[in-house]
Structure formats: structure tokens, C-alpha cells
Amino acid sequence: MLKSKTLNVIRQGDLVYIQFPKLASCGAVRHIFSTRHGGVSTGDCAKMNLSFNHFDSFETVMKNYEILCSAVGINTENLVLSQQTHTNNVKTVTAQDRGTGTTKPSFCDVDGLITNESGVALVTQYADCTPLLFCDPVKRVVATSHAGWRGTVKQIGKATVEKMVSEFGCDPKDIIVAIGPCIKECCYEVDDPVHSEFLKIPFFNLSEIFKDKGNGKYMLNLVEANRQILINSGILPENIDASDICTCCNHEDLHSHRATAGKRGNLAAIIELI
């Protein structure tokens with residue numbers, strides 16, 4: 001069964017979910033990251049699928065959201081989802097946006113969501129890409145952003161921090177960030193075109209992000225890349241929870257696009273101000 005030295009893996013009957021220690025202890029949010037366990041989906045999506053676009057009925061996915069959200073006291077009427085397209089577009093939402101992506105059409109081309117209003121549950125989805133969850137308990141602002149390799153080189157983590165600062169007056173030194181489970185360097189082989197995009201970011205310590213395998217192949221550490229982006233954006237290293245869980249290695253517990261050749265559902269990260 002799924003194990004971690006840096007994150008909290010919680011079991012409630014058949015349901016298994018993940019929480020991040022620093023977010024859990026700050027007292028300002030409800031949050032949860034799903035696994036494949038505890039839902040009602042079948043087939044390739046079994047059992048906890050949070051995507052409306054992967055071989056699953058709307059009713060089944062909503063039942064999964066109800067099961068997951070009830071574990072931490074989030075009302076599914078508060079959910080806000082977007083269509084993620086590997087951008088660095090970050091959108092501020094309010095209580096008027098509740099139901100977007102469930103009972104209302106999703107936002108398009110949005111990979112990050114921010115709010116300073118209680119009772120607005122921000123949702124991003126994953127199946128190997130990197131989850132980023134943010135909380136400023138001082139200004140009472142939360143965010144979540146989806147960072148695949150494209151979103152990482154576009155520095156969506158930095159874009160999220162900058163929007164928290166510009167719109168809500170957050171101090172980066174107050175912001176807590178969780179980097180969630182994703183495909184890790186043990187399983188994520190990329191080629192020269194991907195490596196070349198990372199070369200464009202001058203502050204990267206590439207020796208900590210890539211392991212050169214030769215012949216134009218590299219093993220990519222998305223957790224470390226996003227950690228470096230966050231620190232460069234003013235986030236304190238001690239305010240970051242970094243996952244040690246690989247979605248590909250643990251594809252029986254977590255949805256992984258690479259491990260299943262796309263025959264999978266989606267995981268979800270959800271965060272809401274109390």
C-alpha cells in the first residue's frame with residue numbers, strides 16, 4: 001500500500017487520500033489529494049476517478065467527488081474546476097464561480113485557480129503532472145496549480161505566487177506550498193527538446209533536475225524543478241512540503257498516464273479556505 005516519508009497517507013475504510021503536513025497544521029484550509037482507492041468507478045478508471053472526460057459517467061464522477069470531499073468536510077456545491085491545457089494561466093475566482101466544471105461549464109485554458117473567499121473549493125486534476133497547492137494564512141488566500149513539464153518551464157508556480165502578491169498583497173515569505181505526487185525522476189525519461197526548454201531558465205540548477213542518460217535522453221525531476229521555481233519566487237524552503245511519491249511507480253494506487261498508456265482516470269487536488 002502507498003507509503004510516504006513526507007506526506008500524510010490517510011485511510012478511512014476503502015478510501016485512501018493524501019494530505020500535506022504544513023497545510024494541515026496551518027489551520028486555515030480544508031484540503032485533500034485523491035488516490036485510486038475508495039470511489040465507485042470501474043474499468044480503467046477504477047475506483048476513484050475525478051475526471052469528467054475519461055470514460056466515466058457524470059453521475060459516477062460526482063459520486064466520487066462526494067465520497068472524497070466528505071472525508072474533509074468540503075461541500076461539492078463549492079467546487080470550481082477548469083479545463084487544463086498546460087498553460088501558465090492563473091484565474092482568480094469567487095463564490096459566484098462555485099459549480100464551474102460541475103453544474104456550469106468549465107473555464108477554458110486555465111491551469112491555476114486562486115481565491116480569498118471561504119467556501120470556494122479549488123480543484124486541479126492530475127495523472128503524472130505536478131500538483132501545486134498554496135496557502136497564505138496571513139492574508140487568507142489559497143491557490144492550486146497544475147504543472148506538467150510545459151507548465152513547469154512556463155513557471156506556473158511563479159505566476160501563481162505573483163498573482164497572490166499583486167491581487168491580494170501576499171508576502172511570499174508567508175505562503176505555504178505543497179508539491180504533490182507526480183511522475184518522478186525514476187520513471188520520467190525525456191529527450192533533448194524538453195531538456196532544451198529547461199536550459200532557458202537561468203536560475204535552474206540543472207544537475208539537481210536532470211540525470212543525463214546519454215544519447216539525448218534525461219531523467220527529469222519535476223518536484224525539484226518546481227521547488228527551485230518556488231524558492232526563486234520568494235517562497236521559504238521550510239514552507240514547502242515536497243512529495244516523495246511517484247505516480248508511475250505507484251500506478252495501482254495513483255492514476256498515471258505513462259504507466260497505463262493513457263488508460264486511466266484523474267487524481268484531484270482540492271483546497272478551500274475555512
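**Ground rules.** I am reading a predicted model, where local features need pLDDT of at least 70, side-chain atom pairs count only at pLDDT 80 or more, and totals for chains, interfaces and linings use all residues. Residues are numbered from 1 along each chain as its sequence is written, and side-chain values use heavy atoms, with hydrogens and water left out.

**Strand 2.** I looked up residues 15-19 and found five of five buried (under 20% relative accessible area, with a 1.4 Å probe and protein chains only). Strands here are DSSP runs of E, at least two residues long, and helices are runs of H or I, at least four, both numbered from the N terminus. L15, Y17 and Q19 point one way, while V16 and I18 point the other.

**Its neighbours.** I checked pairing next, which takes at least two DSSP bridges between two strands. Strand 1 (residues 8-12) runs antiparallel to strand 2 over five bridges, and V9 has I18 as its bridge partner. Two residues separate these strands in their hairpin, where G13 takes a positive phi near 65°. Strand 3 (residues 29-34) is also antiparallel to strand 2, over two bridges, with S34 opposite Y17.

Which order do the six strands take? I noted 1-2-3-15-7-4, an open sheet with mixed pairing. Strand 1 and strand 4 (79-80) are the edges, each with a single partner strand, so one side of each has no neighbour in the sheet. Strand 4 pairs in parallel with strand 7 (residues 121-126) over two bridges, and L79 sits opposite A121.

How values were computed
Buried < 20%, exposed > 50% of the residue type's maximum accessible area, 1.4 Å probe, protein only.
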